[in-house]
Structure formats: structure tokens, C-alpha cells
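Hello,

Here is the structure I promised to pass on to you. Please have a look at it first, and then read on for my notes.

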Amino acid sequence: MNQRPVLRWYKNEQSPDELTSLSISLATRLFGSSLDYCLCTTHQIDAARTRKILAQATQAVEWRQIDEKDNPALAAALHQHGLTGKDFGPWWRWFPERLRRDTPEIVISDDLLIWKMPLWLPQWRKGLAQILATRGESPVPGISGNTVTDFLEITRSFEGAIALPLQSDISAQLIGTLSALKNPSQVQAHCYSPSKIFGRALDQLAAGTISASDISACAPGNDGQKIGFGPEETPGSVHEVETTECFRWLGGSVQWGIPGWTSNDYFMKSLAVFARDFAGQSVLELGTSRGKLAAVMATLGCSVTTVDHQDRGASKNLGGLAVKVILKEAYDFLVDSSEQYRLIVVDLHGNTQSDWERLAPVLIKNLQAGGALFLGNLNLSEVADWKLETGVRWFLDQLPKNWKCEYFTASLPGFAIAWKPT
């Protein structure tokens, strides 16, 4: 089970996509690989729009589409007060209430920006801190009340960012407050604009306050240069570099994956340069992962078929692109396929000699005459934990002499390109 702390956004339909993109971009630059990141949206936001929102992220970001099943108890309480799913609005931030209950989690509105490293972050990462949240102004002194609706009138509102330690539970407080609302006009006022209900739940949980100097709304007129993007962080002007940069969110070597799930920049950018020559042609990728390489090749104009034995989100992430996602073992797919491809990209887990002895004949069968194999993990055996992964080298060494092979070893695990004779 992944125990890494999480920073999560809920995409509000009312917020400009550019502002959401800026919020995510700033946070991934500020916190780097020390956190996992997740963007939650309803199903109304499609893959093409999500890819644009996440294009400036510098770290892997999980995209999760949410619905009422992610918090059925809260959904039922809202339905009892006459709300349908289309009315949930701000309530969606609690669907799910937690991505990982056993890890610290920050939930932030997509129109808020984290400006600097919060002083409370180290304690929060250890799971020791109290709940912290951004809050509205303090109530006017002297006002009092007896009913829940009276208390809501004098409650400090919740302003969109909350840091949750281990095991905290907000839904119970929210549902309790909802069940206590009796006055129809108050029900409508607070259910459709629930910042006071959220604030009451925080009061019941003895939450502390996050300073507006740490996390606050975007000030009009701010842009990347004014808030800290240096020239070295600006994507390059070369087309293939821009293409690879905008899919960093589909990585997974640390966040939302295990080591080895994501090809490094050397492999990815080299493939982007190479794949331009295959625009308009059928390309096969073996080893989809979250879909990063497939997205790059499709953006460059290739018609991509990508194969993996399980879906790590690629079917959703690649929606709307010229990519066919197939869930199957690579060997089984190649055996069953009668189609030949001009380019086949191979970046698999399982690269022993025996793996490649099995794969070699069917891989060659599915490559067109004059076509190219783009093979990752050339020198994987030089990495400490992968001493037995010599299969790619073995495969290349046993190819007939009339194959042309090129080797690229500037960065481990390296890659190779092999051309099939015409």
C-alpha cells in the first residue's frame, strides 16, 4: 500500500482551467517528488480538457473521476435535503473524503495557490499535526445562538484548503450538521453554499488555521514570471521537448507507481524526436503504464496501439487521442495479431534472457520490413536491483548481421534502435 502523503485538488466547474493549471504547476514545482498529487473531477470534465489542465505539472499527477459512490453516506444525506448530483458543487471535495486514510492529505480548491513551503509541513507529513484549514473572518463579538442554524450564522467559513492528519473523519460532522438543519430556507441557503457547514465541522474537530500567506486565492494579474518561474523552468522551444514536457503528469516512477514504471527523460525525449518520422503511420507500444509514451507519439501524429497486461489509468488518460489501448500480455497480443507495424516501442518489465527468447520471434513477425524497433532497458543489468535483466542485449546480439542496430547509453538503463532489413 502506498503510504506517501497526498496533495489533492477538486476541479470546480466555475474556476478557469488556466487557474487550476497554475495552482497545480506551482505546487508540483514547490514540493517536487516529496508528495503525491491527484486531480479529482466529475465525469463532465473529459480527458482532452484534463490533459490541458495538467500540461504544466512537473510531477506525476493522478487523474481521478469521482461520483456519488465515492462517499455514499454523504451523498444520501444531501439527497435527503433535495440536492441531486448536479447540485453538489463544493460538496464534491469530500468525494472521496480521503484518498488514503492512513496517510496525511491536503485537499485544496483549484483556485487557491500555495506560495511557499508551509512551516507546519514537516509535522503534517509525519501525521502528528491537528487538522489545519483556511478560514474566513472571525464572527462579530456578542452574537450568540441556540439552534444549529444560529450557530452556522456565527461560524467562521471554510475557505478552500485543508490539511488532514492520519485517520481524521469529516463526513460524520458534515452529516450530523445536515441532519440537524430544519428550517427550509436555511437548508437551501447552507446546502447550496456550504462553507459555513464545512466551517462548523472544522470547529467540531478543533481545527487550526492555515495562514493566507501560505495558501491563498490568486491575485489578479499574476503570471508565471511574477511568481517564480525562472527561464530554466520554461519548456523549450523545440517541438518534441514541448510535447514531452506537457505529459510529465503521466509519469509514475515515484508517485502513483513503483520504480521502473516510467521511462526517463533521455528515453522519452529521444523517442519523441524519432517518432516524428512515423507520423501518420501505425505504431505499436508494448508497456503502456499510465500512457505517457503513447500520448507523446499520438500528439506527434502517430496512430498508436498500446498494450499492457493491466490498465493503470491509460484508457482514461488517453481518451480522445489516436490511441487504441489493449489489455493483454505483450506476448499473447503479438501471437494473436496479424498486423505489422512500422515502429514498435518496447519498454517492458521482465527483461531476462528467457523473457526475450520467448518474445523475439513474435516481435520480429509483427515488424514491417524496413521498420524499426525502439527498445528500452538496453543496459538495465547495470542497475543494482536488475542484474539478471540482460534480455535486450541478448536479443540484439543474436539478430542477423543484415539488421542495423544503434546503441544509446548516455543515461541508464539506455536504449537501442534496431532496423529490420527491407
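Which residue takes a positive phi just after α8? That would be Ala206, with a phi of about 55°, although Ala206 is not a glycine. A word on the source before I go on: this is a predicted model, in which local features need pLDDT of at least 70 and side-chain atom pairs count only at pLDDT 80 or more, while totals for chains, interfaces and linings use all residues. Residues are numbered from 1 along each chain as its sequence is written, and side-chain values use heavy atoms, with hydrogens and water left out.

**Overall**

The chain has 15 helices and 16 strands (DSSP runs numbered from the N terminus, with helices being H or I of at least four residues and strands E of at least two). Of its 422 residues, 51% count as buried (buried is under 20% relative accessible area, exposed over 50%, partly exposed in between, with a 1.4 Å probe and protein chains only). Taking contacts in the chain (heavy atoms within 4.5 Å) between residues at least 6 apart in sequence, 73% join residues at least 24 apart.

**Backbone details**

Back to Ala206: it is in the loop between α8 and β8 (208–209), and it is exposed because its relative accessible area is 52%. In helix α8 itself (residues 195–204), the buried residues are Ile197, Phe198, Gly199, Arg200, Ala201 and Leu202.

Ser289 is another residue other than glycine with a positive phi, near 55°. Ser289 sits in the loop between β10 (282–286) and α11, and with a relative accessibility of 12% it counts as buried.

There are cis peptide bonds to look at as well. One joins Phe95 and Pro96, with omega about -5°; Pro96 belongs to the loop between α3 and β4 (105–109). Another joins Leu412 and Pro413, with omega about 5°, and Pro413 is in the loop between β15 (404–408) and β16.

**Helix packing**

Helices α10 (residues 265–275) and α11 (residues 292–299) have axes that come within 9 Å and cross at roughly 25° (axes are lines fitted to C-alpha atoms, for helices over the stretch in contact, and angles run from 0 to 180 degrees between N-to-C directions). The two are therefore roughly parallel (under 35 degrees; over 145 is roughly antiparallel, 65 to 115 roughly perpendicular and the rest oblique). On the α10 side, Phe267, Met268, Leu271, Ala272 and Ala275 make the contact, and on the α11 side Lys292, Leu293, Val296 and Met297. These residues divide into 8 nonpolar, no polar and 1 charged (Ala, Val, Leu, Ile, Met, Phe, Trp, Tyr, Cys and Pro are nonpolar, Asp, Glu, Lys and Arg charged, and the others, Gly among them, polar).

Helices α3 (residues 72–80) and α6 (residues 171–180) pack at about 15°, their axes 10 Å apart, which makes α3 roughly parallel to α6. Here the crossing is left-handed. Ala73, Leu74, Ala77 and Leu78 of α3 meet Leu174, Ile175 and Leu178 of α6, and the residues of this contact are 7 nonpolar, no polar and no charged.

**Aromatic rings**

How many aromatic pairs does the count come to? The count is 18 (rings of Phe, Tyr and Trp, the last by its six-membered ring, pair if their centres lie within 6.5 Å; planes under 30 degrees apart are stacked, over 60 edge-to-face and the rest tilted). Phe374 and Phe415 are stacked, because their ring centres are 4.8 Å apart and their planes at 15°. This pair links distant parts of the chain, with Phe374 in strand β14 (residues 367–376) and Phe415 in strand β16 (residues 415–419), 41 residues apart. Phe374 is buried at 0% relative accessible area, and Phe415 is buried at 2%. Ring pairs also link Tyr266, Phe267, Phe274, Phe278, Phe374, Phe408, Phe415 and Trp419 into a cluster.

Ser21 lies in helix α1 (residues 17–31) and counts as buried at 10% relative accessibility. Beyond its neighbours within four places in sequence, Ser21 is in contact with Lys52, Ile53 and Gln56. Ser33 is in the loop between α1 and β2 (36–41) and is partly exposed at 40%.

Best wishes

Key. Left-handed = near helix turned anticlockwise from the far one by under 90°.
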